[in-house]
Structures are given as C-alpha cells and as structure tokens.
Amino acid sequence: MLSCFQTFPNLRVILDCTEIFVKKSRSLVHQNLSFSHYKHHTTVKFLIGITPSCVISLVSEGFGGRVSYRQMIEKSLLLNILEEGYRVMEDKGFTIAYMLEKKGLYFKYSSFPFIFYSVFFSRCAKNSKFA
C-alpha cells in the first residue's frame with residue numbers, strides 16, 4: 001500500500017472514470033446514447049477501479065457517454081463484490097455516497113490521489129500499445 005493511503009483503513013478500491021472519443025454514429029439513437037455533455041463529443045465511458053497498491057482491479061464494460069456514474073456503478077455490480085465495512089475512495093464528481101452507505105460501505109471524497117493516478121495512467125498509456 002502506498003504511504004498516502006495508509007491513513008484510510010479498509011480502503012479497497014479507488015474509483016474514477018475515463019472517456020474515450022469515438023466516431024459519431026449515423027444512427028440518431030446511438031448519437032444520443034453516446035454524446036457526452038461533459039466532453040461535448042460522442043464518447044465511451046469506462047469505470048476504473050484501482051487498489052491502494054496501484055493494481056487495476058476493475059475495468060467496466062464500455063458505456064455510452066451519456067450514462068451517469070451512478071448507472072455505471074449499478075451496472076458494473078461492484079457493490080455486490082465489496083463487503084460491509086470496506087472503504088471506497090471516489091472523485092468528488094461521483095454522487096454515489098448514498099448507494100455505498102446503504103450497502104454498509106464507507107466512502108471518502110478526495111482529490112489528491114486522483115492527481116497521482118492521473119499521472120500514473122498517463123504514463124502507462126504512453127508506454128502501452130492498444131490494438
């Protein structure tokens with residue numbers, strides 16, 4: 001576990017989301033489902049989970065850019081895997097605290113680790129080749 005996470009006992013996963021630009025579909029239905037108001041473009045979103053040891057533990061299926069964080073969490077079945085008492089760290093953009101509390105999970109909003117993981121992911125992406 002990285003030292004910056006040692007003050008968070010029972011931390012199991014750090015959640016973030018990434019969006020990838022995709023070509024605009026000819027279908028108006030698909031355009032509507034994939035348009036991201038945040039990016040102002042058609043995108044596919046992925047929910048990413050990382051352990052405090054910097055291991056990628058979750059990559060969800062791709063969702064259309066219009067989907068919310070809450071919907072991604074529900075469809076990924078992440079809450080079914082986590083046990084009561086575990087802690088989940090999420091970006092302040094995630095509005096899923098009530099979902100976690102209902103399940104008996106603790107949550108922590110934080111910006112610092114996401115700066116670290118943004119750097120981590122950007123370095124990994126530069127060194128990786130995607131097919």
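Strands E2 and E3 form a hairpin with four residues between them, and His40 in the turn has a positive phi of about 55°. Helices and strands here are DSSP runs, with at least four residues (H or I) for a helix and at least two (E) for a strand, numbered from the N terminus. The model is a predicted one, in which local features need pLDDT of at least 70 and side-chain atom pairs count only at pLDDT 80 or more, while totals for chains, interfaces and linings use all residues. Residues are numbered from 1 along each chain as its sequence is written, and side-chain values use heavy atoms, with hydrogens and water left out.

**Strand E3 and its partners**

Two strands are said to pair if DSSP finds at least two bridges between them. Strand E2, residues 35–36, pairs with E3 in the antiparallel sense over two bridges, and within this pairing Ser36 stands opposite His41. Strand E1, residues 11–21, also runs antiparallel to E3 and is joined to it by eight bridges. The pairings of E3 are set out below.

| Partner of E3 | Bridges to E3 | Sense | Residue pair |
|---|---|---|---|
| E1 (residues 11–21) | eight | antiparallel | Ile14 with Ile50 |
| E2 (residues 35–36) | two | antiparallel | Ser36 with His41 |
| E4 (residues 56–59) | three | antiparallel | Ile50 with Ile56 |
| E5 (residues 63–64) | two | antiparallel | Lys45 with Phe63 |

Buried means under 20% relative accessible area, exposed means over 50%, and partly exposed lies in between, with a 1.4 Å probe and protein chains only.

**Backbone angles in the loops**

Most residues other than glycine have a negative phi, and most peptide bonds are trans. Against that background, Cys54, which is not a glycine, has a positive phi of about 70°; it is found in the loop between E3 and E4, two strands that form a hairpin with five residues between them. Leu77, also a residue other than glycine, has a positive phi near 65°. Leu77 is found in the loop between helix H2 (69–76) and helix H3 (78–81), and with a relative accessible area of 49% it is partly exposed.

**Charges and rings**

A charge sits over a ring if NZ of Lys or CZ of Arg is within 6 Å of the ring centre and within 35 degrees of the ring normal. The charged end of Arg12 sits over the ring of Tyr86, 4.2 Å from its centre. Lys45, whose bridge partner in E5 is Phe63, lies over the face of Tyr69 at 5.6 Å from the ring centre.

**The chain as a whole**

The chain holds five helices and seven strands, which follow the pattern β-α-β-β-β-β-α-α-β-α-β-α along the sequence. Of its 131 residues, 37% count as buried. Among the contacts (heavy atoms within 4.5 Å) with a separation of 6 or more, residues 24 or more positions apart account for 54%. The accessible surface of the chain comes to about 8,500 Å², and 56% of it belongs to carbon and sulfur atoms; such areas come from the Shrake-Rupley method with a 1.4 Å probe, and for residues only the protein chains shown count as cover.
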